[in-house]
Amino acid sequence: GQIFGLLGPSGAGKTTLIKILTGQILHDGGELKVLGKEVARLTGADKKMFGIMMDQFGIYERLSCFDNLKIFADIYGVPRHRILEILDRVGLAESTKKSASNLSKGMAARLRLARVLLHEPKIIFLDEPTSGLDPIGCCEVKDVIKLLASRGKTIILCSHLLADVQDVCDEVIVLYGGKIRAA
């Protein structure tokens, strides 16, 4: 139920740290545990407990919002009725048939977030979730993040914007040049 912020400028190592924590790339030193296990020992079942939202990644432009989520529902074995629930949770209930290519940046961000939430992950990694959004879109995404934390989800939020981490994070780590500069 906590939100941890990774704050730093572009190139500070925020995305790299997410990739290390999720087992996508290897770390070169130190001890790193997620879900009580050394990252290198995470299994496929462990990784299914992750939800990962990377900037500008994860939706198919030619498909509708519903069909985008249907692909991932099938992958994770999630019942299709959950798709409508999740679209409603992120404020896209009225856009189920709308093509992803016709979504505003804010709506596309919410669709990416819906994809991440579909299988009810324990730990959610959000890389620049408000990137390119207008103030209202930012607020909407932050509200969803706060709601998730209130429901017991652990969230790792990466941002180069101080306002993002100040508004939602319980704890913050400042990265610069690949090193922790403040905690």
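**Salt bridges, pocket and surface**

Analyst: Asp 46 and Lys 37 are joined by a salt bridge, with 2.7 Å between the closest N and O atoms. The model is a predicted one.

User: Is Asp 46 buried or exposed, and at what relative accessibility?

Analyst: The cut-off for buried is under 20% relative accessible area. Asp 46 falls under the cut-off and so counts as buried, at 8%.

User: How many salt bridges does the structure hold?

Analyst: The pair of Asp 46 and Lys 37 is a salt bridge, and so is the pair of Glu 128 and Lys 14, at 3.9 Å from N to O. The number of salt bridges that the structure holds is 12.

User: What is the phi of Glu 128?

Analyst: Most residues other than glycine have a negative phi. Glu 128 lies in the loop between strand S5 (123-127) and helix H6 (135-150), and is buried because its relative accessible area is 12%. Although Glu 128 is not a glycine, its phi is positive, at about 55°.

User: Where does Leu 35, with its positive phi, lie?

Analyst: Leu 35 is a residue other than glycine, and its phi is near 55°. With a relative accessible area of 32%, Leu 35 is partly exposed. Its place is the loop between strand S2 (33-34) and strand S3 (37-38).

User: Which residues are joined with Arg 82 and Glu 85 into one network of salt bridges?

Analyst: Glu 85 and Arg 82 form a salt bridge in which the closest N and O atoms are 3.4 Å apart. Arg 82 is buried, as its relative accessible area is 13%, whereas Glu 85, at 40%, is partly exposed. Both lie in helix H4 (residues 81-89), three residues apart, which is about one turn of the helix. Through salt bridges that share partners, the network joins Arg 82 and Glu 85 with Arg 89, Glu 120 and Lys 153.

User: About how much space lies in the largest pocket, and which residues are closest to its centre?

Analyst: The largest pocket holds about 250 Å³ of space. It is lined by 14 residues, and the closest to its centre are Phe 50, Ile 52, Phe 72, Tyr 76 and Arg 115.

User: Which elements give two or more residues to the lining of the largest pocket, and how many of the lining residues are charged?

Analyst: Strand S4 (50-53), H3 and helix H5 (105-117) each give two or more residues to the lining. By class, eight of the lining residues are nonpolar and four are polar, and the number of charged ones is two.

User: How far apart in space are the C-alpha atoms of Arg 115 and Ile 3?

Analyst: Arg 115 is a residue of helix H5. It counts as buried because its relative accessibility is 12%. Arg 115 and Ile 3 are 112 residues apart in sequence, and the distance between their C-alpha atoms is 19 Å.

User: About how much accessible area does the nonpolar patch on the surface have?

Analyst: Ile 71, one of the patch residues, is found in helix H3 (residues 65-76). Ile 71 counts as partly exposed because its relative accessibility is 31%. Tyr 60, Ile 71, Ile 75 and Tyr 76 form the patch, and together they have an accessible area of about 370 Å².

User: How far are the C-alpha atoms of Tyr 60 from those of Ala 100?

Analyst: Tyr 60 lies in the loop between S4 and H3. With a relative accessible area of 44%, Tyr 60 is partly exposed. Tyr 60 and Ala 100 are 40 residues apart along the chain, and their C-alpha atoms are separated by 6.7 Å.

Terms used: Residues are numbered from 1 along each chain as its sequence is written. This is a predicted model: local features need pLDDT of at least 70, side-chain atom pairs count only at pLDDT 80 or more; totals for chains, interfaces and linings use all residues. Side-chain values use heavy atoms; hydrogens and water are left out. Patches are made of residues with over 30% relative accessible area and no salt bridge: like charges are joined within 9 Å, nonpolar side chains (Val, Leu, Ile, Met, Phe, Trp, Tyr) within 5 Å. Accessible areas come from the Shrake-Rupley method with a 1.4 Å probe; for residues, only the protein chains shown count as cover. A salt bridge is a side-chain nitrogen of Lys or Arg within 4 Å of a carboxyl oxygen of Asp or Glu. Helices (H or I, at least four residues) and strands (E, at least two) are DSSP runs, numbered from the N terminus. Buried means under 20% relative accessible area, exposed over 50%, partly exposed in between (1.4 Å probe, protein chains only). On a 1 Å grid over the protein atoms alone, a cavity is a set of points where a 1.4 Å probe fits but cannot get out, and a pocket is an open set with protein on both sides within 12 Å along at least five of seven lines; lining residues have an atom within 4 Å of a point. Grid points are joined across faces, edges and corners, and a volume is the space filled by probe spheres set on the points. Ala, Val, Leu, Ile, Met, Phe, Trp, Tyr, Cys and Pro count as nonpolar, Asp, Glu, Lys and Arg as charged, and the others, Gly among them, as polar.
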